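These are notes for a colleague who will read the model alongside the text.

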Amino acid sequence: MPHLADHWLNIAYLIAASLFVFGIKGLTKPRTAVRGNQLAALGMLIACVVTVFHRDIFGYEFIVAGVILGTVIGAVMAIRVQMTSMPQMIALLNGFGGGASFAVATAGYIAGDLVGAVAIISTGAAVLIGAVTTTGSIVAFAKLQELISGKSIGFAGMKFVNALLLLGSLVAIGYLVIEPGNEMVFWALVAAASLLGLMLVLPIGGADMPVVIALLNSYSGVAASAAGFVTGNSALIITGSLVGASGLILTQIMCKAMNRSLTNVLFGVMAEGGVSMSDDEVYQGKVKSSSADEVAMILETAQRVVIVPGFGMAMAQAQHAVRELADTLEKRGTVVEYAIHPVAGRMPGHMNVLLAEAEVSYEKLKDMDTINPTFEQTDVAIVIGANDVTNPMAREDKGSPIYGMPILNVDKARTVVVVKRSLSSGFAGLPNPLFAKDNTLMLFGDGKQAIIDISTALKDA
Amino acid sequence: MDFIAMLTLFVLAIFLGVELITKVPPTLHTPLMSGSNAISGITLVGALIAAGHGESVLVQVFGFIAVVLATINVVGGFMVTNRMLAMFKRK
């Protein structure tokens, strides 16, 4: 095949990078988002097609086989994945991205075309970050898919071991600068980094998964950037840092929404609370259990209803039933809106995607700051599968471990209906005084069935 | 490309990224993650070069692994993002 001169390649990469920027810009509005995604995909196509004519490519067997295999796997995953499983899918994709950067850097090292300290250090960084992203993402996937326990897994002194692994990796990179040919040191680096990825994510609990996925997203970008430093490729450097910045911003948003610092999340520690109330003290004799008929009766006269979804809605696959209840209410003239907490679900924006799947218009999905002042004018707030993000202790109880976390003020609504299986606690492991409030009705049962029952009762009324 | 030129690109692109991403509304955060994930599959460019390496089979093998993983990232990422965004567009 004919080869393209480097300057033509670089111009094509510039066009691709520009298309990525336009693509992300498109994602700032739901209306332009589809177009944005297509522009980014076009950029990727251009970047890949011109690369095939790179002067360093001699054989095409591995390329063709790899692209075909990857396309089939990627397409099947994208078509078959359920919206509820999107966090797992993203976790896997993060891992593949990190793995690809790791493999590129390793191939570069074995080829022996690394000259100078910059190339060696970039390779080391790509291997380190790439391997951490890969094994870390696999653990995140296993936790989300419930292949392993979602609880924090660890042992005393884990932080110390992790610090040693990181230090060891950095020393190995430093040593490779002095003696690049030492393959033992290189593979030791690979082993240490892979182990570090496992050990970093294992102690992180299920509630903190949104932060971890966002952070691994950021890592996969930084790894791509590092691979770009190895090969001197501008497309990789620019794109990798765009993605790195994106993941980092989402990580910050998630941390802020949970009132936790990134260090706390990473080391798997919750804030030390004072003496916390036991379940009995909070709930004893104060919880009112209700029925679908009773809830329907209250809804009949409601002017304004706010639905508060949480991960439980995803678990019960209740999003379609929720949409139908909203439709029934709207036909009766009731205003229905949805209150979305930034960490509801298991990844940023998870609830929005589920509700969009159920054909709920995105204009009705309100974020926390917009919806909170309106709860006082709300007749009924229906909480389905959400717990910690509605816990008034975060606002009122200074001794509580979640004190200071921004919450949805559902307790300010005239009536609160909580659809839940039992009084069991959420990820934070705390009782929720909301369930015992005078204006709260508990509707125990499967989320989907409970919502369907309310809809039926409301239609009959 | 010399190191300083690459570092300049890296730092400027981070500033650009921060400016762009802060404007993405929370409702689109999941598609943003899968979409940016697809874009980070740009490593495919480096993977193609490694897989086409003429001399060493071991290099080609790592290149092949990289091509497969990066292609899954690109194809899976863009397709699933498209699927989600189509749901947002419907109404």
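1. Two strands count as paired if DSSP finds at least two bridges between them. By that criterion β1(A) and β2(A) are a pair, parallel and joined by four bridges. Within this pairing, Arg304(A) is opposite Val335(A) of β2(A). Please keep in mind throughout that the model is predicted.

2. Overall content of chain A. The chain has 18 helices and six strands. Its C-alpha atoms fill a box of roughly 75 × 50 × 35 Å along the principal axes. Of its 461 residues, 54% count as buried. Among contacts in chain A between residues at least 6 apart in sequence, those joining residues at least 24 apart make up 79%.

3. The sheet. Six strands of chain A form an open sheet with parallel pairing, in the order β3-β2-β1-β4-β5-β6. At the edges are β3 (365–367) and β6 (440–444) of chain A, each of which pairs on one side only. Direction ignored, neighbouring strands of this sheet are turned by 25° against each other on average.

4. Helices on the sheet. Helix α12 (residues 292–300) of chain A packs on the sheet and touches β1 (304–309), β4 (380–384), β5 (415–420) and β6 of chain A. The direction of α12 makes about 135° with that of β6(A). Helix α18 (residues 447–460) of chain A also packs on the sheet, where it touches β4, β5 and β6 of chain A. For α18 the angle of about 135° is taken with the direction of β5(A).

5. Further pairings. Besides its pairing with β2(A), β1(A) runs parallel to β4(A), and five bridges join the two. One of the residues involved is Pro309(A), whose bridge partner in β4(A) is Ile384(A). On the other strand of interest, β2 (residues 335–340) of chain A pairs with β3(A) in the parallel sense over three bridges. Here Ala339(A) has Lys366(A) of β3(A) as its bridge partner.

6. Burial of β1(A). How many of the six residues of β1(A) are buried? Five are, so β1(A) is largely enclosed by the rest of the structure.

7. Helix α14(A). This helix (residues 319–331) has 13 residues and reaches 18 Å from its first C-alpha to its last, close to the 18 Å expected at 1.5 Å a residue. Its buried residues are Gln319(A), Ala321(A), Val322(A), Leu325(A), Ala326(A) and Leu329(A). They cover an arc of only 160° around the axis, which puts them on the same side of α14(A). An α-helix has 3.6 residues a turn, so residues three or four places apart point the same way. After α14(A) comes Gly333(A), with a positive phi near 95°.

8. Helix α15(A). Eight of the eight residues of α15(A) are buried, so this helix is largely enclosed by the rest of the structure. They include His350(A), Asn352(A) and Glu357(A) as well as Met351(A), Val353(A) and Leu354(A). Just after the helix, Glu359(A) has a positive phi of about 65°.

9. Positive phi in loops. Two residues other than glycine deserve a look. Glu146(A) has a positive phi near 60° and lies in the loop between α5 (117–144) and α6 (158–178) of chain A. Is Glu146(A) buried or exposed? It counts as exposed, because it has 10 C-beta neighbours inside 10 Å. Gln317(A), with a positive phi near 50°, belongs to the loop between α13 (311–315) and α14 of chain A. Gln317(A) is partly exposed, having 16 other C-beta atoms within 10 Å.

10. The contact with chain B. Chain A contributes 95 residues to the contact and chain B contributes 78 residues. On the side of chain A that touches chain B, the elements supplying at least two residues each include α1 (6–26), α2 (30–51), α3 (61–80), α8 (209–231) and α9 (234–258). Also among them are α15 (350–357) and β3 of chain A. The most comes from α4(A), with 17 residues. By type, the residues of this side are 58 nonpolar, 32 polar and five charged.

Notes. Residues numbered from 1 in each chain as written. Chains lettered and ligands numbered in written order. Predicted model: local features only at pLDDT ≥ 70, side-chain atom pairs only at ≥ 80, totals over all residues. Expected span 1.5 Å × (residues − 1). Buried ≥ 20, exposed ≤ 12 C-beta atoms within 10 Å, placed from the backbone. Arc of directions from axis to C-beta. Axes fitted to C-alpha atoms, helices over the stretch in contact; angles between N-to-C directions. Contact = placed C-beta atoms within 7 Å. Nonpolar A, V, L, I, M, F, W, Y, C, P; charged D, E, K, R; others polar.
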